[in-house]
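Hi,

Here is the structure I promised to hand over. Have a look at it first, and my notes on what I found follow below.

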Amino acid sequence: MKSVNNFLSFTSTGLYCQAGDFYIDPKRPVHKALVSHAHSDHATPNSGNIYATGPTKQFMKRRFRNSIRSRFHEVAYRETFYLDEVAVTFFPAGHMLGSAMIRMEYQNESYLYTGDFKLQPDDSCETIEIVESDFLVTETTFAHPQYIHPDPENEIRKLNEVQTQNILLGSYSVGKAQRVTQLLSKHCSEKKIFVHREMVKFHEVYEESGVHLGNWEPYTKQGFKKETGSIYILPPNWLHRHSAQHEYFKVFATGWKQSYIKCDSILHISDHADWNDLLKMIELIKPKTVFTLHGDGVHLKQFLEGKINVQLLNE
Ligand SMILES: [Zn+2]
Ligand SMILES: [Zn+2]
């Protein structure tokens, strides 16, 4: 079985740490889970014990409603706790509200699991904090030189050029939708912002945590249609359902070059590091070995050949 220095093993359930008897971002319920952030590919319900930040706990409780039977252990950033002999500390990952990088220390060696992260400024979440570590387990969603993310403020301002149509904006409901709401409120202040009902509960978590998203309101048909210059933020599957409606200008917010949903334009706004930021991250962490997860680490391995040892955990 592949492992990170025999400390974290790569299993079909997720990364397992035997010394502390816990999993990181497990795919199914386990006895003890450390959850980096609330996205569904990292946060699954019903583990016996869940260690997560306050916002992540709130997002999970709202997403899984009553089905969640876990005991939550709320983790504050930068406060070390012990699981058996393993010292665990969460640091902000800059990916979405409450997102964490998980740092572990055991027998004089340190390990950093990034979860999802970004370096780009984002006022809707905590700023990333980078700590040097001996072993790095990083996501590689955009680990290719072709991915250099543009400035999100310039991307969002493009919507000011849409003058005669109302806009449907497709976005993931947790994290991205709130970041986009805040950006729109700042940079497209002439426009009225409506938010899909599925997203409202997540917007509320942000505002309850003290992150102001600006002027927005829950979607109503009458409100949205009343005047031109309205923007309706809705989940991707809902944008897809409206893809034949030509009266609206349709955009999808994604870091990818192409949209899998038919739309008029793409807003290149990503919550993951691009190629340059991934390299910068590695430079700052100064790991002895880099392990890659999520996405394709092949280009990174080739690029760092002879400088840093890169191993692909998920190949
Ligand atoms: Zn994520
Ligand atoms: Zn992810």
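Let's start at one end of the sheet: Val4 stands opposite Leu8 in β2. Strands here are DSSP runs of E with at least two residues, helices are runs of H or I with at least four, and both are numbered from the N terminus. Strand β1 pairs with β2 (residues 8–10) in the antiparallel sense, over two bridges; two strands count as paired if DSSP finds at least two bridges between them.

Before I go on, the housekeeping. This is a predicted model, so local features need pLDDT of at least 70 and side-chain atom pairs count only at pLDDT 80 or more, while totals for chains, interfaces and linings use all residues. Residues are numbered from 1 along each chain as its sequence is written, and chains are lettered from A and ligands numbered from 1 in the order in which they are written.

Back to the sheet. It is open, has seven strands in the order β1-β2-β3-β4-β5-β6-β7, and its pairing is mixed. At the edges are β1 (3–4) and β7 (71–74), each with a single partner strand, so one side of each has no neighbour in the sheet. Further along the order, β5 (residues 32–34) and β6 (residues 49–52) pair in the parallel sense over three bridges, with Ile50 in β6 as the bridge partner of Ala33. The pairing of β6 with β7 is parallel too, over four bridges, and there Asn49 stands opposite Arg71.

Next, a helix pair. The axes of α1 (residues 54–64) and α4 (residues 197–208) come within 10 Å and cross at roughly 160°. That makes the two roughly antiparallel (the label for angles over 145 degrees). The α1 side of the contact has Pro55, Gln58, Phe59 and Arg62, which meet Lys201, Phe202 and Val205 in α4; contact means C-beta atoms, placed from the backbone, within 7 Å. By type, the residues of this contact are four nonpolar, one polar and two charged.

Is Thr89 buried or exposed? Thr89 is buried, because 20 other C-beta atoms lie within 10 Å, and the cut-off for buried is 20 or more (exposed is 12 or fewer, partly exposed in between). Leaving aside neighbours within four places in sequence, Thr89 is in contact with Arg78, Glu79, Thr80 and Arg103. Thr89 and Asn6 are 83 residues apart in sequence and 20 Å apart in space, C-alpha to C-alpha.

Cheers

Terms used:
Axes fitted to C-alpha atoms, helices over the stretch in contact; angles between N-to-C directions. Parallel < 35°, antiparallel > 145°, perpendicular 65-115°, else oblique. Contact = placed C-beta atoms within 7 Å. Nonpolar A, V, L, I, M, F, W, Y, C, P; charged D, E, K, R; others polar.
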